[in-house]
Amino acid sequence: MKHLLHSRLAGYRPNELALDYPEAGILVPITDNSGNPEMLFTLRSAHLKTHRGQVAYPGGKRDPGDENLMMTALRETHEEIGLPPDQVQIVSSLSQVASHARILVTPYVGVVPEDHPLRPNPAEIESVFRVPIAWFLEDRRERTDALPFMGGIIHVPCYRWEKYQIWGLSAVVLVDFMNAVYDAGIDLERPPSR
């Protein structure tokens, strides 16, 4: 899996946004199962102040002590789901995304062990779940949301996996990953034709 990600992301040039917003780093964790890789997501606790009850990638705001945003993503992942930084092999960053809360988010793709035990921090995370990447390649979206972005509108797929709804910023990051690694051809500029 790591080899595929490296080769596919080697020529990828992520978009960087020139925004003076607070920064955050998130991890896009991909399991090392080359036969059927999965992507890990979290369900945020229902009692949090922001994004409560929403599906998200592990990560959070940059602390002053974080050397860089990749370290932020790794630190937050360890705090949220118990996955230590030495168990993550960072492959590449993806394009930055600005959240509706005016946070500049930088995603990092990382390969993680398929069998490492995960321990959601109950103060922040209700559950951790996995979705096979092959399932996303079928583009089984539940709906498409028209969302304001940088003065325009983008058309973001919303996916439902079991009881979980993957939408908004998480879906934008997911689409960037799928297009960069698998040439999925998911277009955020216009609504789907079907």
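This is a predicted model: local features need pLDDT of at least 70, side-chain atom pairs count only at pLDDT 80 or more; totals for chains, interfaces and linings use all residues.
Trainee: Where is aspartate 139 found?

Mentor: In the loop between helix H3 (133–137) and strand S9 (141–149).

Trainee: And what about the phi of aspartate 139?

Mentor: The phi is positive, about 50 degrees, although aspartate 139 is not a glycine.

Trainee: Next, glutamate 162. What is the phi there?

Mentor: Glutamate 162 is not a glycine either, yet has a positive phi of about 55 degrees. Its place is in the loop between strand S10 (152–161) and strand S11 (164–166).

Trainee: Is glutamate 162 buried or exposed?

Mentor: Exposed, because its relative accessibility is 60% and the cut-off for exposed is over 50%.

Trainee: Changing topic: how much space lies in the second largest pocket?

Mentor: About 330 Å³. The pocket is lined by 18 residues, and the closest to its centre are Asn15, Ser95, Phe149, Val172 and Leu188.

Trainee: Which elements supply at least two residues of that lining?

Mentor: S10 does, and so does helix H4 (168–182).

Trainee: How do the residues of the lining divide into nonpolar, polar and charged?

Mentor: In the lining of the second largest pocket, 10 residues are nonpolar, four are polar and four are charged.

Conventions:
Residues are numbered from 1 along each chain as its sequence is written. Side-chain values use heavy atoms; hydrogens and water are left out. Helices (H or I, at least four residues) and strands (E, at least two) are DSSP runs, numbered from the N terminus. Buried means under 20% relative accessible area, exposed over 50%, partly exposed in between (1.4 Å probe, protein chains only). On a 1 Å grid over the protein atoms alone, a cavity is a set of points where a 1.4 Å probe fits but cannot get out, and a pocket is an open set with protein on both sides within 12 Å along at least five of seven lines; lining residues have an atom within 4 Å of a point. Grid points are joined across faces, edges and corners, and a volume is the space filled by probe spheres set on the points. Ala, Val, Leu, Ile, Met, Phe, Trp, Tyr, Cys and Pro count as nonpolar, Asp, Glu, Lys and Arg as charged, and the others, Gly among them, as polar.
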